[in-house]
Amino acid sequence: MLMALFCRSIVSNFPLPRLPLQVVPLNTTPFPHCPSKSYQITALPLVLRCKTASFASLPSSPSSPPPPSSTMENPPEGYRRNVGICLMNPSNKKIFAASRLDIPSAWQMPQGGVDVNEDPTNAAIRELREETGVTSAEIVAEVPHWVTYDFPPDVREKLRHQWGSDWKGQAQKWFLFKFTGKDEEINLLGDGTEKAEFGEWSWISPEQVIELAVDFKKPVYREVLSVFSQHFQ
């Protein structure tokens, strides 16, 4: 007890000095060369064909280079390389779809073949312009793997004569575009470089897109729209 009182007396008679606080200005950063924004879109993982998929951000301007092609798995053998475009109207969360001139009852989203040595991102931008005339759009996300569908026998035979190649079906890279222009920009004659493919167009819901598609494309549309579903909420 006496020893404790003695120690307490020493502490009270010789208080410890108070060290000054160090103030760090709010406008400084310990890593001045790190970008202040993150350009990667994150989302909850989605299971697709027993694979865990995640969204990846794509450049929204020509000055940003596309992601390296090495990040994309190769399409399966026997399938034609193709891109699909899901064009979303941000004001009502609906999707651009158009009826085919050759099959008026069949509605679809824009799609088209990938040229030799062409990057799928560039192919999607080109196909959107050629088929709809749209250039006011930004890529928001992509399906991170190739999605395939098989041609029915009659369609396969028709395309074999038309293309001069016998493909089992198409392997597609799908991209979600956000429309940033006005409806007056949409022109089904496209940019005039290719033959028109569509007769009518409309902004419709994801459910209507699937309902109006030809049967052999419905599974692809269900999968693609499930990946992009968070952007329509």
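1. Helices (H or I, at least four residues) and strands (E, at least two) are DSSP runs, numbered from the N terminus. On that basis the protein has five helices and ten strands. This is a predicted model, in which local features need pLDDT of at least 70 and side-chain atom pairs count only at pLDDT 80 or more, while totals for chains, interfaces and linings use all residues. Residues are numbered from 1 along each chain as its sequence is written, and side-chain values use heavy atoms, with hydrogens and water left out.

2. Confidence. The mean pLDDT (the predictor's confidence in each residue, from 0 to 100) is 77, and 69% of the residues reach 70 or more. Residues 1–71 have pLDDT below 50; beyond near neighbours in sequence, this stretch has 54 contacts (heavy atoms within 4.5 Å) in the model. Where pLDDT is low, the predicted coordinates should not be read in detail.

3. Helix α2. The 13 residues of α2 (residues 120–132) should span 18 Å at 1.5 Å a residue, and the end C-alpha atoms are 18 Å apart, which agrees. The expected span is 1.5 Å times one less than the number of residues. At the start of α2, a side-chain oxygen of Asp119 comes to within 2.9 Å of the backbone nitrogen of Thr121. After the helix comes Gly133, with a positive phi near 75 degrees.

4. Cores. A nonpolar core is a set of buried Ala, Val, Leu, Ile, Met, Phe, Trp, Tyr and Cys residues joined through side-chain atoms within 4.5 Å. The largest has 26 residues, of which Cys86, Met109, Trp174, Tyr221, Leu225, Phe228 and Phe232 touch the most other members. Its largest share, five residues, comes from α5. Apart from this core lies another, of 18 residues, among them Ile85, Leu87, Val134 and Ile139.

5. His231. This residue sits in the segment after α5 (218–227). His231 counts as buried because its relative accessibility is 15%. Leaving aside neighbours within four places in sequence, His231 is in contact with Met88, Lys93, Val140, Ala141 and Leu176.

6. Whole protein. Buried residues make up 37% of the 233 residues. Of the contacts with a separation of 6 or more, 75% are between residues 24 or more positions apart.

Technical notes
A polar contact is a pair of N or O atoms within 3.5 Å; within protein, one must be able to donate a hydrogen and the other to accept it, and residues adjacent in sequence count only if both atoms are side-chain atoms. Buried means under 20% relative accessible area, exposed over 50%, partly exposed in between (1.4 Å probe, protein chains only).
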